[in-house]
Amino acid sequence: MIQIKNITKSFGQKKVLNHISGTVKKGALISLVGMSGSGKTTLLKIIAGLIESDSGSIYLNNKKLQGPKEKLIAGHEEIKLVFQDYALKPNMSVVENLNYALLEYGEVYKKNRVEQLIEMCGLESLRPQHPQELSGGQKQRVAFARALANEPEVILMDEPFSNLDPLTKQKLLIETKSLAKKTDTTVILVTHDTRDAMEIADEIWVLDNGSITQKGKPREVYQYPKTPQIACLFGIINLLSESESHELLNIKCSTGIWIENVEINSKGMIKGCVKEVIFNGGNHKLLISVHQDLNLMVFDEVKVFRPGDPIQLTIDPKEIIIFE
């Protein structure tokens, strides 16, 4: 279990982390999300013991971890960081990279552990290859195997899927979650892609300007975002001001409705005109002008509407997000 207690960090006059606290249970997979500059990577490096916090402490299994100023070599044996650029040794094969992570162990253990990692992470066919011969997905798999080498309690991953094609990313998301659960390893993942977070995480922490603004299971954060800013991180949402909500929904608060919760219905009470049609693969996204100052986005699953067409919409009251 990791406990993060009241962590703050500034670089010069800029406050990057502002009294961050939270608990990560053993074996959990936590995703840190937020806009660029929100403090995600800085928090990850403080947990890893690579950056000194200005105040606050990190605890692992109720033991306070030392910061880099208190250690000869920065970092913690129980916590491994997987870098965005993989940080593999370019002059070593896959097997040699894994062996390198186990230098302090005896030859028998090292050999057995490398074989376990190769089998566990699906690296059998890559044994003799060097990093420059591997695809991005293969490098990521080797980097994860190397991080698992000495059986750490925690693995930290900084934007691990950002440079991968969609198919490889999808496969690695599934593999990462499966390996973490199989080995009961705690994983903290930084990502700018909230779709990755929703798919892989047990819990999501949203950071904004150095503060945690929301924590919760992916479904909870998606269905009940605390602010319009948080909602915008997770998909296409129709945001209505208090006056627009009152006019359209008879609700005296600002509101949000996910695009998938606005339905085209010939008997709908909301009337408008198709302003723009956007190709979206299996469907179209429609920008609907309700009146001069109010637009809504909706999916057209059958792709029949064209610009200028009249349209009627319905919104399920149960799907309206109310921002107090």
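**A. Strand β6 (79-82) and helix α4 each contribute at least two residues to the lining of the largest pocket.** The model is predicted, so local features require pLDDT of at least 70 and side-chain atom pairs count only at pLDDT 80 or more, whereas totals for chains, interfaces and linings use all residues. Residues are numbered from 1 along each chain as its sequence is written, and side-chain values use heavy atoms, with hydrogens and water left out. Helices (H or I, at least four residues) and strands (E, at least two) are DSSP runs numbered from the N terminus. A pocket is an open set of points, on a 1 Å grid over the protein atoms alone, with protein on both sides within 12 Å along at least five of seven lines; a cavity is a set of points where a 1.4 Å probe fits but cannot get out, and lining residues have an atom within 4 Å of a point. Grid points are joined across faces, edges and corners, and a volume is the space filled by probe spheres set on the points. Strand β6 gives the most to the lining of the largest pocket, namely four residues. By class, this lining holds 16 nonpolar, three polar and six charged residues (nonpolar: Ala, Val, Leu, Ile, Met, Phe, Trp, Tyr, Cys and Pro; charged: Asp, Glu, Lys and Arg; polar: the others, Gly among them).

The lining of the second largest pocket divides into seven nonpolar, eight polar and four charged residues.

**C. Ser-53 occupies the loop between α1 (40-48) and β4 (55-60).** The relative accessible area of Ser-53 is 17%, which means that this residue is buried (buried: under 20%; exposed: over 50%; partly exposed: in between; 1.4 Å probe, protein chains only). The side chain of Ser-53 reaches the backbone oxygen of Ser-55 at 3.3 Å. This is a polar contact, defined as a pair of N or O atoms within 3.5 Å; within protein, one must be able to donate a hydrogen and the other to accept it, and residues adjacent in sequence count only if both atoms are side-chain atoms. Leaving aside residues up to four places away in sequence, Ser-53 touches Ile-7, Thr-8, Lys-9 and Ile-46 (contact: heavy atoms within 4.5 Å).

**D. Strands β1 (residues 2-11) and β2 (residues 14-24) run antiparallel and are joined by seven bridges.** Two strands pair if DSSP finds at least two bridges between them. Ile-2 stands opposite Val-24 in β2. The hairpin of β1 and β2 has two residues between the strands, and Gly-12 there takes a positive phi near 65°.

**E. Glu-151 has a positive phi of about 55° although it is not a glycine.** Most residues other than glycine have a negative phi. Glu-151 belongs to the loop between α4 (136-148) and β7 (154-158). Its relative accessibility is 51%, so Glu-151 counts as exposed.

Glu-159 is placed in the loop between β7 and α5 (166-183). With a relative accessible area of 14%, Glu-159 is buried. The largest cavity contains about 40 Å³ of space. Three nonpolar, three polar and four charged residues make up its lining.

**G. The second largest cavity is lined by Gln-140, Arg-141, Phe-144, Leu-172, Glu-175, Thr-176 and Leu-179.** The space in this cavity is about 40 Å³, and the structure holds three cavities of 30 Å³ or more. Helices α4 and α5 each supply at least two residues of the lining of the second largest cavity, with α5 giving the most, four residues. The classes in this lining are three nonpolar, two polar and two charged residues.
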